[in-house]
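Please read it alongside the coordinates.

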Amino acid sequence: MTTTEEKSVSELHGQVAMVFDLNKCMGCQTCSIACKVLWTGEQGEEHQWWMTTNTQPGLGTPKGWEDMGGGIKNGVLQPGHQPTRAEFGGGWDFNYNEVFYGGKGREVHLQPTDKGDGTTRWGMNWDEDQGAGEYPNSYYFYLPRLCNHCTNPVCVSACPSGAMYKRSEDGAVLRDEEICQGARFCMEACPYKKIYFNYARDVAQHCILCFPRLEVGVAPACARQCPGRLVFVGLKDDKNSPIYKLVNEWKVALPLHPEFGTEPNIYYIPPLSPYRLNEDMSIDEETPRIPPEYLESLFGEGVHGALDTLKSELANVRSGGTSELLETLIVYKWLDLFGPFTTDPSSLDRSPDSQAVTLGPTRR
Amino acid sequence: MEVLKGSGNDPNDPSWTNGAKAKVSLAPAPIDSQPNHYIREAWANKDYGTTKEADVTLGSEGKKFYIRLEWSSNVEKHAEFPDAAAVFFPASESPSTPVTIGSRENPVRMWQWKNRLPVQSKLPKVLDLIATGPGVFHPAKTINGTAPSDSLQGNATYEDGKWKVVISGDLDVVVGSKKMGIAIWNGANQERAGLGAVSTEWIDIDLAGIGL
């Protein structure tokens with residue numbers, strides 16, 4: 001990438017948005033690991049997973065987050081619950097010394113050390129693949145989640161110290177950790193419960209939309225590392241981008257829990273599902289296995305139209321026709337996912353003397 | 001309130017008993033003064049600022065000023081928020097009521113002690129802040145024109161349900177203000193930011209005892 005191109009990306013003024021195609025997500029957690037390795041490897045960040053993928057239906061992370069309140073209703077910010085360390089769980093220490101060096105290797109097994117604070121009874125992917133329904137009509141799908149970098153960020157509104165802000169370059173919702181006093185009203189107000197608390201540093205922390213990568217034209221790590229080619233990145237208002245078409249033209253990409261009122265900028269293609277099986281194992285072609293009302297509870301009323309569009313486009317292709325929508329969702333060329341953020345990070349000068357923007361967690 | 005000569009950072013130093021002890025009444029920072037709609041709505045019907053009073057004793061030695069605070073608290077082991085205490089000093093000669101912990105027009109210099117967790121051993125025990133309202137606290141080092149202090153210390157003991165804390169800092173700040181307020185946060189009740197109990201009257205600091 002030339003210097004001129006880098007400059008043009010760093011001066012972007014528009015909302016960066018993402019679309020996750022849930023029909024392609026296989027729950028491999030590569031997005032979660034990519035984020036974890038890049039951003040949350042320091043003391044106090046052990047339990048933090050700014051990117052998580054959970055099985056739906058499920059309690060997710062933090063445990064039961066969908067019922068914790070927050071958000072906006074009729075223009076009024078709603079009180080919310082601040083997720084506790086136990087509700088996030090995870091970040092465990094294990095009894096390595098006892099098992100490997102304590103002479104008890106035949107008596108004890110490797111396990112998280114219980115500190116009495118409840119953190120060993122939940123984790124970021126605790127209810128993986130449990131789902132719902134009865135065999136043979138049991139069902140589940142995966143839901144990757146990160147900060148929604150909302151257009152109406154209630155976390156910013158709830159912060160007493162003014163540490164939080166939504167920046168104009170790319171719409172990322174960020175926090176000045178020098179100013180954050182650890183009051184955690186952001187955690188209460190956020191209805192998606194994607195803000196963590198760093199107990200070692202006494203500050204809240206959350207996904208930063210990989211803004212140092214965006215500034216040099218590199219897609220966020222969760223998107224670039226996804227092996228399923230299911231994460232689109234781009235500018236929300238770029239009418240030539242897949243994001244714009246998926247959200248505004250085809251209307252197949254929907255925000256999660258739009259009723260929370262914060263106008264998320266992370267969108268989802270809802271999951272299609274096989275038909276239900278009758279007791280005699282014949283196929284009930286009238287009834288999808290994932291209850292439509294459940295999907296409506298996640299993605300709003302628009303989910304029915306989105307699924308109808310996806311089904312009709314599939315039928316069109318199956319009968320020999322073509323579909324620009326399906327061609328887009330297939331993603332023949334990997335870099336087509338990333339809009340203006342196609343730079344290969346390995347091509348950047350990251351030597352200690354370079355002026356390149358930091359791509360990893362040396363921001364402090 | 002008179003200032004004792006000496007006494008230092010140890011809250012259990014017997015010499016503290018030589019100083020004048022003031023019982024300071026505290027009240028919740030007003031809900032209407034909380035800094036944003038979210039906090040005002042979420043806490044409108046909840047009790048906060050639950051500490052009713054604190055004992056205050058003042059001391060000074062050299063260029064240091066010591067404030068000893070003592071109050072009752074039920075510390076809970078896994079509480080999400082820490083117990084905390086602060087002293088604050090107005091810059092204006094005629095500041096408004098202390099219970100709002102400063103205002104945009106009349107900021108106050110605040111030294112806030114937090115009961116740090118073991119994992120927070122690298123963090124300062126006392127924060128040097130500029131406050132412009134309940135919970136509107138900014139590190140002094142981020143405010144243009146403010147010389148941050150690097151001499152703040154906090155020493156605390158907790159026994160028999162009582163905190164005894166000494167906060168110490170630069171005497172110059174006190175000499176420039178001659179008034180102070182205090183605030184206490186009950187962590188087990190999720191009190192933090194502007195949800196503390198604050199002194200209802202300014203404490204006038206009499207520096208004559210230390211020759212000033």
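1. In chain A, strand β1 (residues 16–21) runs parallel to strand β12 (residues 266–269), the two being joined over four bridges. Strands are DSSP runs of E of at least two residues, and helices runs of H or I of at least four, numbered from the N terminus; two strands pair if DSSP finds at least two bridges between them. Met18(A) has Ile266(A) in β12(A) as its bridge partner.

2. This is a predicted model, in which local features need pLDDT of at least 70 and side-chain atom pairs count only at pLDDT 80 or more, while totals for chains, interfaces and linings use all residues. Residues are numbered from 1 along each chain as its sequence is written, with chains lettered from A and ligands numbered from 1 in the order in which they are written.

3. Ile182(B) touches Val24(B), Leu69(B) and Val87(B), among others, leaving out residues up to four places away in sequence; contact requires C-beta atoms, placed from the backbone, within 7 Å.

4. Chain B has two helices and 13 strands. Its radius of gyration (over C-alpha atoms) is 16 Å, close to the 17 Å of the globule rule for 212 residues, so chain B is as compact as a globular protein of that length; the rule is 2.2 Å times the number of residues to the power 0.38.

Definitions and conventions
Contact = placed C-beta atoms within 7 Å.
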